[in-house]
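I opened this notebook to record what I looked up in the structure. The entries follow the order in which I consulted it.

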Amino acid sequence: MAYKADVKTTFEPRHVIQPIYTGGSVALSQDGRVLASSLGEEVLLTDLNNGEHLARIEGDGEPVTTLALTPDTSYLAVCSRSLSMRVYALQPSQTLDEGIDARLLRTLKPHSTPVVTVAVDSTSSLLATGGADGVVKVWDLRGGYTTHTFHGHSGVISALHFFQVDPADSEPASKSKKKKSKQRSAEDEEAQLDEATAGYRLASAGEDGRVRVWDLHKRKSAAALDGHVSVVRSLSYSPELKVLLSASRDKTVALWDAKSWQQMSAVAVLEGIESAGFVAGGRFFYTGGETARLRLWSTEAGVEITEEQEQGVETEAIIDVQQHDGLPFLLSVHADQTLVQHSLQPLKTLESSPAQQISPLPVIRRISGTHDEIIDLAYVGFERNFMALATNLEDIRLISLSSDDASTQASSYFGADVGLLKGHSDIIITLSVDWSGHWLATGAKDNTAKLWRLDPVNGDFSCYATFTGHAESIGAAALPTAAPPICSKEYSDPLKHPPKFLVTGSQDKTVKRWDISTQSGKVPRAAYTRKAHDKDINAIATSPSSTSPLFASASQDRTVKIWDVESGEAIGVLRGHKRGVWSVAFSPPGTPALTTGESGGASSSKGM
């Protein structure tokens with residue numbers, strides 16, 4: 001009889017960092033607390049203040065095309081490629097302190113083609129849908145029925161926006177003998193009975209570049225605005241100025257007078273725009289698009305008021321900006337599934353000088369929608385309360401591991417992004433942290449390694465040195481792990497004392513030891529270079545000894561070699577793995593050390 005070992009779960013996850021956004025549509029509540037985001041065919045509701053997942057809406061088997069969250073967070077509308085639109089009623093959870101219960105009210109088929117854009121009005125009672133069939137419909141959210149259907153666009157509906165105008169500013173109806181007719185349409189009777197809706201308008205835009213304004217009171221078109229030659233991606237209205245804004249991929253923003261519906265001005269933005277809107281009572285408007293720059297413009301002068309910004313790469317492009325009147329920030333959504341909060345505080349200093357140049361809006365924090373594929377990670381910070389992630393990108397993300405529920409800082413909750421290390425030009429493969437947690441080494445496919453100085457307390461994360469010399473990708477790096485004497489300056493103030501050396505291994509089959517200068521910016525040179533293995537080097541580890549330091553290199557050639565750090569001489573070879581060795585680690589003296597191989601097996605040897 002075969003022996004069956006008892007298997008016990010010895011560890012249970014205390015915290016789990018999960019994706020909150022994987023691309024597509026997002027919506028923000030009016031108070032800036034609840035974010036609705038798409039996760040493939042599902043929708044997630046997240047509390048932006050603490051990162052808690054409030055509710056998860058299961059999908060219908062097809063990806064979400066667009067979604068809408070009412071300003072008061074009472075309803076959620078989700079549209080998918082299945083042609084369905086599901087409307088949920090949202091209420092505080094009865095079982096969870098900060099959760100939300102989502103109850104499906106109804107499932108509708110609003111269009112004969114997928115719904116691609118939606119909008120809700122300020123009262124949280126009306127929902128507009130725009131389909132690929134060029135039709136615009138308005139729905140009563142509470143009743144679940146259609147109140148208006150508008151035709152007029154020749155292509156896909158690309159933007160929708162509810163707003164209200166002063167009925168006195170609208171053009172008076174022309175006199176006609178037809179009005180004296182005994183037969184009066186039901187629509188006219190309903191319009192006269194409800195004067196409260198006389199100023200309700202809906203603006204729609206399509207791929208044909210045309211903007212149409214619909215009078216919801218009279219149930220007809222109020223204006224057709226021709227000012228763009230490409231798809232219009234964003235609409236916004238300023239009640240203070242009585243001006244409608246339209247932004248297009250033709251690299252222009254048009255401003256329209258809501259009284260005459262004549263174009264007041266056209267602003268050349270010189271980049272394809274995905275989102276634009278008024279801020280600060282209409283005195284300024286923002287734009288975001290293909291260059292990944294959030295820019296501010298003076299509405300009166302039509303000039304940019306933000307200073308010149310460096311253009312981002314294609315994967316960093318802004319695809320949407322979420323904003324509500326009264327919120328102190330803008331939330332930009334980027335193509336790489338990151339969300340960035342930008343403070344509007346600098347606009348308060350521009351009351352008397354609308355054309356004054358200001359710095360780009362300061363970033364309050366970054367939010368990673370998803371960390372994608374995790375290649376490597378390392379605990380950093382003196383108390384190891386932060387984590388560095390290499391996520392199949394050219395940047396390193398720093399996240400908080402704080403679990404202090406009593407903390408009031410928005411950036412301190414578990415999993416919150418606290419920093420972004422930018423500098424490599426290709427995917428980062430390996431990470432290594434020193435004994436203090438304040439120094440991080442990275443190796444990348446751009447054939448370079450970098451040393452980063454991490455000061456989480458002051459939010460200072462900077463590149464200290466760049467190591468150039470390998471002919472191919474750097475797949476392994478190791479900093480010394482031995483702590484200096486407790487009474488030394490290095491121990492008491494590690495931020496002012498970088499590690500003494502760095503060891504790197506590359507696909508060029510060599511290892512290099514680099515001496516690190518105490519002067520920042522000084523170009524480091526390799527102390528020695530050794531031909532180490534016959535195949536790629538996958539991992540390097542340094543021993544915890546400070547008197548006679550060693551390092552080990554693990555390779556695809558199925559061997560591990562032990563080296564003397566000072567001389568660079570190989571002092572031993574460990575054989576036994578049947579396939580390439582992917583990781584290696586030293587243990588404290590007297591205990592076994594462990595290596596793991598591609599075959600899934602592990603080998604141990606006595607610690608040195």
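**Entry 1: nonpolar cores.** I began with the largest nonpolar core, which has 17 residues. I took a core as a set of buried Ala, Val, Leu, Ile, Met, Phe, Trp, Tyr and Cys residues joined through side-chain atoms within 4.5 Å. Buried means under 20% relative accessible area, exposed means over 50%, and partly exposed lies in between (1.4 Å probe, protein chains only). The residues with the most contacts inside this core are F163, V211, V213, L225, L235, L244 and W261. Two or more residues each are given by β13 (157-164), β14 (200-206), β15 (210-215), β16 (220-226), β17 (232-238) and β19 (252-257). Helices (H or I, at least four residues) and strands (E, at least two) are DSSP runs, numbered from the N terminus. The largest share of the core, three residues, comes from β17.

I note that this is a predicted model, in which local features need pLDDT of at least 70 and side-chain atom pairs count only at pLDDT 80 or more, while totals for chains, interfaces and linings use all residues. Residues are numbered from 1 along each chain as its sequence is written, and side-chain values use heavy atoms, with hydrogens and water left out.

I then looked up the surroundings of F163, where contact means heavy atoms within 4.5 Å. Not counting residues up to four places away in sequence, F163 touches G199, Y200, R201, L202, A203, V213, Y237, L244 and W261. A second, separate core has 16 residues, among them L54, I57, V64 and Y88. As a general note, nonpolar side chains in soluble globular proteins tend to be buried together.

Entry 2: Where does W261 lie? I found W261 in the loop between β19 and β20 (263-268). W261 counts as buried because its relative accessibility is 12%. Its phi is near 60°, a positive value in a residue other than glycine. L270 also came up in this search, with a positive phi near 65°, and is likewise not a glycine. L270 sits in the loop between β20 and β21 (273-279). Its relative accessible area is 66%, so L270 is exposed.

**Entry 3: strand β41.** Is β41 (residues 550-555) mostly covered or uncovered? I find that six of its six residues are buried. On one side these are L550, A552 and A554, and on the other F551, S553 and S555. I counted two strands as paired if DSSP finds at least two bridges between them. Strand β40 (residues 537-542) is joined to β41 by five bridges, and the two run antiparallel. Within this pair, I540 has S553 as its bridge partner. β41 also pairs with β42 (residues 559-564), over five bridges in the antiparallel sense. There, A554 has V560 as its bridge partner. The hairpin of β41 and β42 has three residues between the strands, and R558 takes a positive phi near 75°.

**Entry 4: the sheet of β1 to β4.** I looked up an open sheet of four strands, ordered β1-β2-β3-β4 with antiparallel pairing. β1 (26-28) and β4 (53-57) stand at the edges with a single partner strand each, so one side of each has no neighbour in the sheet. Direction ignored, neighbouring strands of this sheet are turned by 15° against each other on average; the axes are lines fitted to C-alpha atoms, for helices over the stretch in contact, and angles run from 0 to 180 degrees between N-to-C directions. β1 and β2 (residues 34-39) run antiparallel and are joined by three bridges. V26 stands opposite S37 in β2.

**Entry 5: P114.** I located P114 in the loop between β8 (100-108) and β9 (115-120). Its relative accessibility is 26%, so P114 counts as partly exposed. P114 and R81 are 33 residues apart in sequence, and their C-alpha atoms are 5.4 Å apart in space. Leaving aside neighbours within four places in sequence, P114 is in contact with T65, S80, R81, L83, G131 and A132.

**Entry 6: cysteines.** How many disulfides does the structure hold? I found zero disulfides, a disulfide being a pair of cysteine sulfur atoms within 2.5 Å. C79 counts as buried because its relative accessibility is 1%. C463, at 34% relative accessibility, counts as partly exposed.
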